[in-house]
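Here is a friendly walk through a multi-chain model, with a few of its packing details. Have a look at the structure first, and then we can go through it together.

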Amino acid sequence: MPSVTPADTGSVGAVPGLNPGMKPAPTSVDAAPAVELIGIDKRFGPVHANRDVSLTVRRGTIHGIVGENGAGKSTLMSILYGYYHADAGEIRIGGERHTIRNSHDAIAARIGMVHQHFMLVDDFTVLENVVLGVEGGVLLKDGMAKARAALKELGDTFGLEVDAEAPMHELPVGLQQRVEIIKALYRGAEILILDEPTGVLTPQEADQLFVMLKRFREQGKTVILITHKLREIMAITDRVTVMRQGAVVDTVDTARTSREQLAEMMVGRKVLLRVDKTPAHPGAVVLDVENLGVIDPTGVARVKNVSFQVRAGEIVGIAGVTGNGQTELLEALAGMRGYSGSIKLNGKPLTCPSGQELARAARAARLAHVPEDRRREGLVGPFSAAESSILGYHADPAYNGPIILDQAKVRNRCQKEMDAFDVRPPNPLLRTAAFSGGNQQKIVLAREMDRDPALLLVGQPTRGVDIGAIEFIHRRLIEMRDAGKAILLVSVELDEILGLADRILVMFDGMIVGEMARDDATEQKLGLLMAGISGQE
Amino acid sequence: MNDFFVMMLPLLDSTLRVAVPLVLAALAGLFAERSGVVDIGLEGKMLGAAFAAATVAAVTGSVWTGLFAGMAVAIMLALIHGLAGITYNGNQVVSGMALNILVAGLAPVLGNAWFGKGGQTPLLGEGARFAPIILPGAEALRGIPVLGPIYAEIISGHNILVYITAAIVPLTAWVVYRTRFGLRLRAAGENPHALDTAGVSVVWMRYRAMLICGALCGIAGAYLSIAQNAQFIRDMTAGRGYLALAALVFGKWRPLTALYACLLFAFADAAQIRLQGASLPVIGPVPVQLIQALPYILTVLLLAGFVGRAVAPKASGIPFVKDR
Amino acid sequence: MAAGPNEIPRWVDYLLVPLVNLLVALLLTGVVVVAVGADPWQALKALVSGAIGYPGSVGATLYYATNFIFAGLAVAVAFHAGLFNIGGEGQAYLGGLGAALACLAFDQWTIWIVAPMAVIASALFGAAWAYVPAYLQAKRGSHIVITTIMFNFIAFALMSYLLVDVLIQPGQQAPRSRDFDPGVWLPTAQEIVGWFGIKIARSPLNLSSLLALLSCVFVWLFIWHTRWGYEIRTVGHSERAARYAGISPSRAIIMAMLISGALAGFVGFNDIMGVHHYLLLGFTGGVGFVGIAVALMGRNHPFGVVLASLLFGALYQGGSELTFDIPQITREMVVVIQGLVILFCGALENMFKPHIVALFRRQHGAEAAA
């Protein structure tokens, strides 16, 4: 049984990774596992990203790692690929202990990673991107010729066909990902990690990818697939590890489990933050969204034909894993990016007077927005808290004369907001960046809520916020609802949605895949929808 | 027709001479910018090299020692720029500007202190400067119609740095597009993260680019003071470093097109004297200042998108920080 | 605005670090002085005495400082929008053209009308020269550093043409305009204090220094106490936050550059209407680049700009006297200092900051523990 020795890196001129005489993967359990992670622990400050994680990936299998946001899957794989160093624990490749300090070590250990955000040079051809770093000599000519031959062989063996001379920027996203995979194989990867690979693919491209992954398995390679989509797990993985909140819940054979079981393990029985609230009394429609579509700069459709309404006096929660279009949806509603379809506020479409920015018009129409990324969008770090507290409302006549902006009035207003929202320390002159995450979020919320909006858009309100502040923020949101405001809440925290929302929508792959009243919702139902399993399947 | 030809010969001849420092400096800038480092300090490196070359040549009497001294100074300046911009992640534009100003002040001060001529260096005698080289058979072939005078006047009779420069252009193109170094260089300027994940050090790549940049600027500066002229004079670069930058931008950061841009600008410079007083159909007499400003106007038009698009290397000027 | 409990106090960031950077620059200059065979201490004394030591020197120092204030404010305003305006030299040059045109056309009128006209004209011309690079950056993404450098050269060519072919006095050789009528010469400081019976020596210092101080107040108010200044600062810090807030980055960029160009244009007002009284070639003499040094040293705040301008004014005035006292040093020594200041206050500012911060934290920690 040939063992893969980690020291056998792809050498100059040779075609790494393609051993014609290599036998298919052993199915006997006596063979050393491809990857063993033993007791991996990692903290980022107060965040415990990986808690004593242990898992074994058998050689020649497709192993899925599934979990919600913050489950720790990406961190774990980043440690395996050398981007982070674990605080504790051991990595074994092929039965031998390895220290992986950087991507170089990982490549030497025959690990290849296909990143979510491609590491490609747009101006290069496919071939140039593939050979970057392993050119095979000072002159490109010889190395490229060998690479061309290798590419052809890869195409024949795995179905990885791509035009070697095509410039990168002309390729569709699916083919670009193929180049990422080829890069890894060209460097001799025996273990391939794919991080949420289908997020940018069309369904057809995703199917093609799965065919390719199966061929890898036939050739004895090991594939680790990180995903939150249960359909993918059920379709091609042999075994699956479920992670939740940094720890492994269980590792099971795919054939012996079901979507429902996996969904339950993913979401778990959490203690819901019970916020006392009376039933909602929704009034008139405040936000009316019809056939909303958003296409990102690379041409991928992020929001596809979304329609829904939000009424005064209700909280509508949008649940879903990050990256399914919620960010783009919020930005379109807040006037921060273009869209197709219609958005009506209080019955009137959102128009933008010439020369003005759409976001300003939105605010003038009594829309308030608590952004998902408070540090980079909701606040300006170097500004004082007082100045951050007027971001978006800096032209308000309440503290603006014809010319002068009355900083004293701004400070006073900020002071009042800080007292009302218990921001600590209650110092309007303090630099915004010096506040803790929770207090920063309170500054943003105070600012948006204090403007008496008709519609409040809220994205990830309690991300990076401590428990005490979370309770405070949740209570404030309920108060606003009771005061007759319409609130659209986007959150990846399921218990937050379940605790606050009156109606729940689930977004998956840019579409609304489910809608239900809070009382009809269960974690299992939501978990399945969030993972892409709709009721019909 | 013959008159036109007779007039063009010396014009083209001086075009080549004027173009040499531009070409070298533009290629120097090319290496820097392609690796992702913005370098507006070409002027300062050239000036420093010119001063060092003329000083050392005057003191040692050896022109080659002067050349290497010039290159050494320019490389040192390039490394300071690299330190500020690459290692300390400082503002690269400010750093380039600072070095330009520093050299502009330091050269006359040192020159005056050492030679007492108000900042100039002594005139260089034979052997201490690069002399024109008559290529074999130039005089003999002069009689051949058209090709003879071209060979004798334009191609032959330049100093060795001119011929070296002519060789450096294709060499640069070859290095940038056909070697491993060039591939990685371009990756560092377009997407340094791709290079980083491929296991190649972006920082070391950028420093190497700065070394080459310094060396080329060194030759350019030395050319001014120990080849084209016979001494260093205050501010003798006279904005050529910025002109070379304009040529680089106008040439879209590619060696061959940058060469053409340099030749175009040099031609305009050489022609301006002869064009003085000449009339264009609609405008009337062309002011010499318009011709002087032409390279800069053309570059602005290019940047504005009116003469094609100029896209700088994507990572140019952005300090490389490994973010995860 | 205060710093947090875990941060270093503002004064360390805004005063101590620039001071250390300045000291390093001066130290290295001292090394150069020694290298040319002079005594640094003697050079320093000559510098100081040249700057303030004899009749007219204080006035000259303040005159230089006035120009540096204009140029420094120009660079500072652009920096607040996140832009590097290297075009101050060309904008100042065009500003001088504006002032000159106003004076040449109307120099038979009373100065009470012509002076404000010249102020407006120099501002307009300077702003116009900054507008094209600003527009190209805002709407087409053309790198403003390169375009402003190009516009400097274009300005020189344009002005050369105008002075040689258009504005030149008939029959004269020198490329300059005719003299303005003395009725529109800005009163000098000597004249102004003379009205109050005080006698001071002659110097180029003139009424435009008042404009410089007013400009400082204007910039302070505009940047930190108006909504447009708020928008400019937001765009300068974070374009994403600007987008979130409904602020148009292109409008902010253009506004900042127009004001920047206008401020640089005021250098022309000072030099042409206040000192020379005719338009001439190259009167700017590198002021745009000193403005960069001044803005960096002064941390882009009008107060810091004033202090840094005074320092550089003293250096320039004292520097021109240095050559008389110490023949080994030419006045380019000041340019050396300028380059070193820009290098250490601008590009290498991160070199010493971590060490200073660590030193301070240790000090602070020791005190807190004690």
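## A helix pair, a sheet and an interface

In this predicted model, C:L315, C:Y316, C:G319 and C:L322 of α13(C) meet C:M333, C:V334 and C:I337 of α14(C); contact here means that C-beta atoms, placed from the backbone, lie within 7 Å. Six of the residues in this contact are nonpolar, one is polar and none is charged. In that scheme Ala, Val, Leu, Ile, Met, Phe, Trp, Tyr, Cys and Pro are nonpolar, Asp, Glu, Lys and Arg charged, and the others, Gly among them, polar. The axes of α13 (residues 302-325) and α14 (residues 333-347) of chain C come within 9 Å and cross at roughly 145 degrees.

Numbering starts from 1 along each chain as its sequence is written, and chains are lettered from A, ligands numbered from 1, in the order in which they are written. Local features need pLDDT of at least 70 and side-chain atom pairs 80 or more, while totals for chains, interfaces and linings use all residues.

Turning to chain A, six strands make an open, mixed sheet in the order β6-β7-β8-β3-β9-β10; strands pair if DSSP finds at least two bridges between them.

| Helix of chain A | Strands touched | Direction angle |
|---|---|---|
| α5 (residues 173-186) | β6 and β7 | about 170 degrees with β6(A) |
| α8 (residues 259-267) | β3, β9 and β10 | about 30 degrees with β9(A) |

Angles run from 0 to 180 degrees between N-to-C directions, with axes fitted to C-alpha atoms, for helices over the stretch in contact. Helices (H or I, at least four residues) and strands (E, at least two) are DSSP runs, numbered from the N terminus.

Finally, 16 residues of chain B contact 19 residues of chain A, and α8(B) gives the most to chain B's side, with five residues.

Note on methods: Two residues are in contact if their C-beta atoms, placed from the backbone, lie within 7 Å.
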